[in-house]
Amino acid sequence: MLGIIGGSGFGEFPGLALESSEPINTRWGKSSAPVRVGRLGAQRVAFLARHGDGHVLPPHRINYRANIASLEAVGVKQIVAVAAVGGIAPDCQSGCLVLPDQLIDYTEGRAHTFFDGEDGKVVHVDFTQPYDQALRERLIQAAARVSEPLFVGGTYGCTNGPRLETAAEIRRLARDGCTVVGMTGMPEAVLARELGLPYASLCVVANAAAGLGAEPLSMDAILAVLRTAMSRAVRVLVQVVKDEPLCAAAGR
């Protein structure tokens with residue numbers, strides 16, 4: 001079963017025929033919102049609103065461990081996480097869909113691992129390639145099928161939030177090689193890796209990052225972009241779900 005994590009501007013999955021909807025209690029607490037399991041056509045999908053119902057949780061207060069553990073608990077085997085981001089690379093304009101292949105973690109103070117040593121074991125996971133390539137390929141193919149342009153590759157820089165970045169910070173991220181900047185990509189990605197769940201991030205560029213746009217950053221303008229661009233991300237996700245039987249038949 002595919003798990004989909006919805007970010008800012010994507011608090012519910014249109015067309016999902018619900019079978020169950022309940023908060024999941026895990027060893028690490030409750031998920032941000034009820035995990036909604038339902039069907040899109042013949043395929044079962046689990047959807048979780050990362051920021052909670054009504055978008056009430058800022059990035060630094062999300063219980064990422066509970067969210068990933070709750071998706072695993074309902075039977076999710078792979079995760080596509082949708083995230084609103086700021087565009088740093090010149091080709092990543094507002095409204096662009098981006099599928100990064102690398103990330104840099106600039107966050108601090110977040111509970112970032114399931115392997116905290118409480119069981120007396122020290123575990124290190126390989127995180128060389130943070131996003132699952134087979135799952136990324138499915139997203140690339142799905143975007144092509146529905147004729148949605150997709151910026152493939154690049155680096156997601158994850159900052160702490162909830163404030164937006166300064167222009168100097170964006171210049172630093174650009175020097176570091178970041179293509180987009182967001183606030184929720186970590187520790188979400190590594191937690192999925194720790195549980196052995198293939199994970200990919202489908203990013204929606206909501207605005208030019210600080211200092212790169214002609215106009216001052218405005219939440220009204222960001223939300224206006226997301227209202228349109230998230231519908232394009234949903235088209236890609238629906239196609240990914242439709243393509244699932246083909247992937248299963250191919251042994252992927």
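Guide: Start with G87, which is buried at a relative accessible area of 3%; buried means under 20%, exposed over 50% and partly exposed in between, with a 1.4 Å probe and protein chains only. This is a predicted model, where local features need pLDDT of at least 70 and side-chain atom pairs count only at pLDDT 80 or more, while totals for chains, interfaces and linings use all residues. Residues are numbered from 1 along each chain as its sequence is written, and side-chain values use heavy atoms, with hydrogens and water left out.

Visitor: Where does G87 lie, and what does G87 touch?
Guide: G87 lies in strand β7, residues 78–87. Helices (H or I, at least four residues) and strands (E, at least two) are DSSP runs, numbered from the N terminus. Not counting residues up to four places away in sequence, G87 touches C92, T179, V205, N207, A208, A209 and L212, where contact means heavy atoms within 4.5 Å.

Visitor: And how far apart are G87 and Q239 in space?
Guide: They are 25 Å apart, C-alpha to C-alpha, and 152 residues apart in sequence.

Visitor: Q239 of α5, then. Which residues make the contact of α2 with α5?
Guide: First the geometry: the axes of α2 (residues 133–145) and α5 (residues 219–242) come within 8 Å and cross at roughly 110 degrees. Axes are lines fitted to C-alpha atoms, for helices over the stretch in contact, and angles run from 0 to 180 degrees between N-to-C directions. That makes α2 roughly perpendicular to α5, the word for 65 to 115 degrees; under 35 is roughly parallel, over 145 roughly antiparallel and the rest oblique. R138, L139, A142, A143 and R145 of α2 meet V236, L237, Q239 and V240 of α5.

Visitor: Switching to rings. How many aromatic pairs are there?
Guide: The count comes to 5 aromatic pairs. Rings of Phe, Tyr and Trp (its six-membered ring) pair if their centres lie within 6.5 Å; planes under 30 degrees apart count as stacked, over 60 as edge-to-face and the rest as tilted. F13 and F47 have ring centres 6.0 Å apart and planes at 75 degrees, so they are edge-to-face. F13 is in the loop between β1 (2–6) and β2 (17–22), and F47 is in strand β6 (residues 43–49), 34 residues apart.

Visitor: Are F13 and F47 buried or exposed?
Guide: Both are buried. Ring pairs also link F10, F13 and F47 into a cluster.

Visitor: What about W28 and F114?
Guide: Their ring centres are 4.7 Å apart with planes at 65 degrees, so that pair is edge-to-face. W28 is partly exposed at 21% relative accessible area, whereas F114 is buried at 7%.

Visitor: Which residues does a cis peptide bond join?
Guide: One joins G161 and P162, with omega about 0 degrees; another joins M186 and P187, with omega about 10 degrees. P162 is in the loop between β11 (155–158) and α3 (167–176), and P187 is in the loop between β12 (180–182) and α4 (188–194).

Visitor: Why note those?
Guide: Most residues other than glycine have a negative phi, and most peptide bonds are trans.

Visitor: What is the phi of H55, then, and of S147?
Guide: Phi of H55 is near 55 degrees, and phi of S147 is near 60 degrees. H55 is partly exposed at 44% relative accessibility, and S147 is exposed at 62%.
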